[in-house]
Amino acid sequence: MRYPPIVNELFKVNRWNLAKKLKPGSLVIIHSADPLRLSGDGVLPFQQDSNFFYLTGIDQEDSILIMAPDHLDQQSREMLFVKEMNEKIATWEGEKLSEREASKISGIENVKWSKRYDEVLKEFLPHINHVYLDINEDTKPVQFPISKNERLAKEFISRHSKLQVKRLAPLLTEFRMIKSDTECDLIKQAGAITKRGYDRVLNFLKPSVWEYEIQAEFITEFISHRSIGFAYNPIVASGPNACILHYEHNNGQCLDGELVLIDVGAEFANYNADVTRTLPVNGRFTDRQRQVYQAVLAIKNEATELLSPGITLKEYNTQVGELMEQKLVKLGLLKSFEIKKQDPKKPLYKKYYMHSSSHHLGLDVHDLSDRDRPMEPGMVLTVEPGIYIKEEGIGIRLEDNILIGQNENINLTPNIPIEIDEIEGIMS
C-alpha cells in the first residue's frame, strides 16, 4: 500500500461498535472484494470492499472476517483469514500480508490462512443462531458483476437454510454515517492532494488545451502524493459539455471565452475527496459568467450553513431549492409568478438545477447513508449546487466537503481557490 499505516484502533472500535448491536449467538461473515478481470489475463486495479476495509483495514483480496462476540473462546470472537503466500504468487504478484502483518494492521490477534476458512466455519455453525451477511441493498437495478459478498451470501443461505440470516447493511450504514477523527483526517488528506491538483491546473489552463490534458495534470499530482488516483471518473467539461451532469468523455478542446467545469477528487487510503470548481479558460470571467458564478457561490455558502444537526436531507434539499429559485429569478431565468403557480412536485428550478445538493462522503464517494436520518455532528457531506443553462452554454457547479459540527461546520477541502478575484489573480 502507498499510504502510511492507519492506526488499528480505528478498526478495533468499528468492530466493537458492531458487536454491541448484534443479537445473542450471532456470527458475522464479510468477504473482501473480488479482483475484477478483463478479457485474457488482464486484471483491473484492486479496489477493496468498503465495509470489509471499515472493519479490518486490510487492503488485499481473498480475505475474510468472521465475528462471533459470544464465543466461549475469546480468541475465536474475531478471526481474520488472509491469502497464504507461495513461490508462484511471489513471482507473479509480489509479497502478500503475513499473518503477523495482517494482525498488526487490523488489530485482530487470531489470523489464519484463507484455505482454513471452511473448516473453521463448520466448527462455529452448530453454536450459532443468527448470521449477519453483507447483502447488496442498493435500490438501483442490479449491476454486474455481482459482488463476492452478494454471491457467497446467496450460496450460504441456500446451504444453511435453518439459520436466521440478518442484514448487516443497516448496522454498518448507521456507523459509517458518523466519521471518527481518524477518518476525517484521511478525508482531509485526500482533499489536500486534490488541492495540489487544482493548484497545478490553475497555472496550466489556457485556451486550446484539451480536457484530457487537464485530467492528466490532476493524475500526475495525485499519484505523486501517494494516491492511487481519482476517487471516481473525473469530469472535465468545457463549454456546453458542462451541462451534461455525468460527462466523462473529457475529449473536448477548451476554447477562449468558455468555462470549464472540473469535478475531481483524489483517493487516499481508501477515503475520498469530491471537489468541483468552474474556471474561465482564458483566466477571466465574462459579465454573464460572473453573474451566474456568484449566484452558485452564494447558494453554496448558504447551503453549508443550512447543513446542521437536526435537519434531514429532504428538508435541506427543499430549502436549497428555495434559495435556487430566488437566484434564478434574479438571473432572469424564472419568473416569480410562474413559481407561485408551479407543481410543488415538479419545481421549475429543476430545469437549471437537476441534482440534489449533498451526499455523504467517506470510503465511498456516495457513502452509505439513511436519507431519513437527521444530520448529526461527525457526518461528512458534499455541498454542491450548480446552475446549468444549456441555451447559453454555461454550466457552473461548486463543491466542497463539509464536516458537520455541533456549533459550526468544518470544510475538509479548504483553500482550494473559489472566489472569482482569487481565481483570476492566479490565472493572470
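This is a predicted model: local features need pLDDT of at least 70, side-chain atom pairs count only at pLDDT 80 or more; totals for chains, interfaces and linings use all residues.
Q: In which sense do strand 1 and strand 5 pair, parallel or antiparallel?

A: Strand 1 (residues 26-31) and strand 5 (residues 130-133) pair in the parallel sense, over 4 bridges.

Q: What is the strand order in the open sheet of 3 strands?

A: The order in that sheet is 7-8-11, and the pairing is antiparallel. Strand 7 (235-238) and strand 11 (275-280) are the edge strands, each pairing on one side only. On average, neighbouring strands of this sheet are turned by 10° against each other, with direction ignored. Strand 8 (residues 259-264) pairs with strand 11 over 6 bridges in the antiparallel sense. Within this pairing, Leu-261 has Thr-278 in strand 11 as its bridge partner.

Q: Which way do the side chains of strand 14 point?

A: The general idea is that side chains in a regular strand alternate between the two faces of the sheet. In strand 14 (residues 394-397), Ile-394 and Ile-396 point one way, while Gly-395 and Arg-397 point the other way. All of these residues are buried.

Q: How many bridges join strand 13 to strand 14?

A: Strand 13 (residues 386-389) is joined to strand 14 by 4 bridges, and the two run antiparallel. Ile-387 stands opposite Ile-396 in strand 14. The hairpin of strand 13 and strand 14 has 4 residues between the strands, and Gly-393 takes a positive phi near 65° there.

Q: Why is the pair of Tyr-198 and Phe-218 called edge-to-face?

A: Ring planes over 60 degrees apart count as edge-to-face. The rings of Tyr-198 and Phe-218 have their planes at 80° and their centres 5.0 Å apart, so the pair is edge-to-face. This pair links distant parts of the chain: Tyr-198 is in helix 8 (residues 181-202) and Phe-218 is in helix 9 (residues 211-224), 20 residues apart. The count of aromatic pairs comes to 8.

Q: Are Tyr-198 and Phe-218 buried or exposed?

A: A residue is buried under 20% relative accessible area. Tyr-198 counts as buried because its relative accessibility is 1%. Phe-218, at 0% relative accessibility, also counts as buried.

Q: Which residues do the ring pairs link into a cluster with Tyr-198?

A: Ring pairs link Tyr-198 with Phe-218, Phe-222 and Phe-230 into a cluster. Phe-230 lies in the loop between helix 9 and strand 7. The C-alpha atoms of Phe-230 and Phe-218 are separated by 8.5 Å, and these residues are 12 residues apart along the chain. Setting aside residues up to four places away in sequence, Phe-230 touches Gln-215, Phe-218, Ile-219, Phe-222, Val-264, Gly-265 and Glu-267.

Q: Where does Leu-186 lie, and which residues does Leu-186 touch?

A: Leu-186 lies in helix 8. With a relative accessibility of 7%, Leu-186 counts as buried. Not counting residues up to four places away in sequence, Leu-186 touches Ile-6, Phe-268, Ala-269 and Tyr-271. Leu-186 and Leu-363 are 177 residues apart in sequence, yet 9.8 Å apart in space from C-alpha to C-alpha.

Q: How many helices and strands are there in the protein?

A: The protein has 13 helices and 16 strands. Its radius of gyration is 24 Å, close to the 22 Å that the globule rule gives for 428 residues, so the protein is as compact as a globular protein of that length. The C-alpha trace spans about 70 × 50 × 40 Å along its principal axes. Of the 428 residues, 52% count as buried. The protein exposes about 20900 Å², of which carbon and sulfur atoms supply 50%.

Conventions
Residues are numbered from 1 along each chain as its sequence is written. Side-chain values use heavy atoms; hydrogens and water are left out. Two strands pair if DSSP finds at least two bridges between them. Rings of Phe, Tyr and Trp (its six-membered ring) pair if their centres lie within 6.5 Å; planes under 30 degrees apart count as stacked, over 60 as edge-to-face and the rest as tilted. Buried means under 20% relative accessible area, exposed over 50%, partly exposed in between (1.4 Å probe, protein chains only). Axes are lines fitted to C-alpha atoms, for helices over the stretch in contact, and angles run from 0 to 180 degrees between N-to-C directions. The radius of gyration is taken over C-alpha atoms; the globule rule is 2.2 Å times the number of residues to the power 0.38. Accessible areas come from the Shrake-Rupley method with a 1.4 Å probe; for residues, only the protein chains shown count as cover. Contact means heavy atoms within 4.5 Å.
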